[in-house]
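Please look over the sequence and the model shown below.

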Amino acid sequence: MSISFVIHSLEIPLVRPFRTSFGSQSVRDVVLVEAISDSGVSGWGECVTMAWPGYSAEYTRGAVNVMRDFLIPTLSPLLGVGGGSSSKGSSLKGSSAEGSTPAPDSVRAALAVMQGNPMAKSAIETALLDLWLKERNLSLGDFLGATRDRVDCGVSVGIPNSIADLIAEVGQYVEQGYRRIKLKVEPGWDLDALRAVRGEWPEIPLQVDANQAYRRSDADHLAKFDEFDLLLIEQPLPEDDLLGHKLISSVVETPICLDESILSVDSAESAIEFGATTIINIKPGRVGGFLNARDIHDLCVEKNIPVWCGGMLETGVGRAANIALAALPGFILPGDTSASNRYYKEDVTEPFVLDHGQLSVPNGPGIGVEPIAVNLSGMSIATEHVEV
Ligand code: OSB
Ligand code: MG
């Protein structure tokens, strides 16, 4: 038994530049990890890093390096000939036989030996999980415990050039049926934008995301957001400032939701118990994979903390898996799980199409989608083969 990996680096133009408080991008640099079994089946995972360390410390070239030089090599005892944990000595044969991809928990445990790099870990873990699920003819949604076959979708709106552009863009999304609008905000782009959007759409579910752009001393300013009846304010302060978030939430009535600060089950529990957050954005990449994402979900259900599924401008590969996660019962708020055409003119998979503000949860084996070969090769800028 052996599994080999291919790291596909792609570039895909965004339909419009996406600007946040941490920078702007007009092309998405995408890394897809392909894990190939010796029977020739491929599993896929998307690495959601940005090109530069603006959202978090990880960035794309670094992620490719750490995957190639450390994460994949550290899995070799699990993946090498005779090293499989699940089927050594198995006599199962034929199409219904379980293959020899290592069990998801053992992959997570092996990767945990390396510090940090959750997005790189998530991509590798997901590629192997897709393969493992395909060997069992099981969908990711069923594996994770999905209880819905469709999920409610929101959309994240970057910082545009003007209020007029903002209203035009939000207007398109409202018309397309999105069930919630999220505005990216930063000092200097907040109250006027909110006033304009609330003026046009007094009832639409609305929230904001600051990506750490404010400081503790902005508490009184953030309290002015309260009049706009927002679902939540996402990550107003720096990632490591749990006390600041707790202080802010004593001054601001709108619920505070953490994104960047939540990296694990333990950090989630710490933030909840400490009083720094009452809602959590779960992104599989940020927390090191879908198993951790599910575990954070389970913790939040137990603690009565609503969760929603974040996004990182994923292609169809990452989107498919996120939608399976978003179908778990604790995901009670619409996610940043938008349709393919909100991001890309052409996706790498068959496009995800919004239907009444929802997307269908893929139900095929594994993540349920595959890259389309011609799209993949047309978008490709580099391909690296990594043998274990
Ligand atoms: O903070 O949620 C974020 C995109 C890239 C990096 C960070 C974030 C985002 C988004 C877009 O808000 C979500 C999406 O539609 O994928
Ligand atoms: Mg965010």
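## Contact between two helices

Val-265, Ala-268, Glu-269 and Ile-272 in helix H10 meet Asn-292, Asp-295, Ile-296, Leu-299 and Cys-300 in helix H11, where contact means heavy atoms within 4.5 Å. The residues of this contact divide into six nonpolar, one polar and two charged, with Ala, Val, Leu, Ile, Met, Phe, Trp, Tyr, Cys and Pro counted as nonpolar, Asp, Glu, Lys and Arg as charged, and the others, Gly among them, as polar. This is a predicted model, in which local features need pLDDT of at least 70 and side-chain atom pairs count only at pLDDT 80 or more, while totals for chains, interfaces and linings use all residues. Residues are numbered from 1 along each chain as its sequence is written, chains are lettered from A and ligands numbered from 1 in the order in which they are written, and side-chain values use heavy atoms, with hydrogens and water left out.

The axes of H10 (residues 265-274) and H11 (residues 290-302) come within 9 Å and cross at roughly 25°; the two helices are therefore roughly parallel to each other, a term used for angles under 35 degrees. Helices are DSSP runs of H or I with at least four residues, and strands are runs of E with at least two, numbered from the N terminus.

## The magnesium site

Asp-209 (OD), Glu-234 (OE) and Asp-259 (OD) coordinate the magnesium ion (ligand 2) at 2.1 to 2.3 Å, donors being N, O and S atoms within 2.8 Å of the metal (3.2 Å for Na, K and Ca). Along the chain, these donors follow the spacing D-x24-E-x24-D. Asp-209 in strand S7 (residues 206-209) and Asp-259 in the loop between strand S9 (256-258) and H10 are 50 residues apart, so that the pair links distant parts of the chain. Both Asp-209 and Asp-259 are buried, which means under 20% relative accessible area, whereas exposed means over 50% and partly exposed lies in between (1.4 Å probe, protein chains only).

## Two single residues

Phe-225, in the loop between helix H8 (219-223) and strand S8 (233-234), is buried, with a relative accessible area of 0%. Leaving aside neighbours within four places in sequence, Phe-225 is in contact with residues including Val-185, Leu-194, Val-208 and Ile-233.

Asp-152 lies in strand S4 (residues 150-152) and, at 32% relative accessibility, counts as partly exposed. Not counting residues up to four places away in sequence, Asp-152 touches Arg-179, Pro-334, Gly-335, Thr-337, Gly-357 and Gln-358.

Key: Axes are lines fitted to C-alpha atoms, for helices over the stretch in contact, and angles run from 0 to 180 degrees between N-to-C directions. Angles under 35 degrees count as roughly parallel, over 145 as roughly antiparallel, 65 to 115 as roughly perpendicular and the rest as oblique.
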